Amino acid sequence: MAKFYPNEFPEHDLGTLRANLQNYIMDVRGDEMFNNLKGIGNLAKMMVETNKNTIYPMVYLLVKLALILPVATSTVERAFSTMKLIKNDLCNKMSDQFMNDCLVSYIEKDVLYDISNNAIIDYFQNMSSRREQL
């Protein structure tokens, strides 16, 4: 997994990481606090509680990345699914900025539900002078 994140784990640090992982495994197997953990989230919590996150920072970073990966993947998949809905044959020639604006407003629609239509109309009306009132 570390090879997929070269910015966090440079090539010259992979040997150090391997040694840290071996030491970490031996250390944790001897610690009774780590015996009954259920899941990687509990492992991360226990590492912080026992201060092993500072002793083995590279191992803790791997655990954090393993926790973040499903969330990041689902967010990207959600954005691409939304892009398929918005960027169809009729809207194929829209600019990137307009498409980004459409995607953000569609993906974050639960945030936009709290904004009233009158507030949006007032905002656009105050942007520049118009021939007619909105």
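Visitor: Is Ile-40 buried, partly exposed or exposed?
Guide: Ile-40 is partly exposed, with a relative accessible area of 36%. Buried means under 20% relative accessible area, exposed means over 50%, and partly exposed lies in between (1.4 Å probe, protein chains only).

Visitor: What sort of model is this?
Guide: This is a predicted model, in which local features need pLDDT of at least 70, side-chain atom pairs count only at pLDDT 80 or more, and totals for chains, interfaces and linings use all residues. Residues are numbered from 1 along each chain as its sequence is written, and side-chain values use heavy atoms, with hydrogens and water left out.

Visitor: Where does Ile-40 lie?
Guide: Ile-40 lies in helix α2, residues 40-49. Helices (H or I, at least four residues) and strands (E, at least two) are DSSP runs, numbered from the N terminus.

Visitor: Which residues is Ile-40 in contact with, leaving aside neighbours within four places in sequence?
Guide: They are Val-63, Ala-66 and Leu-67, where contact means heavy atoms within 4.5 Å. The C-alpha atoms of Ile-40 and Leu-67 are separated by 7.3 Å, although the two residues are 27 apart along the chain.

Visitor: Which residues of α2 are buried?
Guide: Ala-44, Met-46 and Met-47 are the buried residues of α2. They cover an arc of only 165° around the axis, so they sit on the same side of α2; the arc is that of the directions from the helix axis to the C-beta atoms.

Visitor: Which exposed residues are on the face turned away from that side?
Guide: That face of α2 carries Lys-45 and Glu-49.
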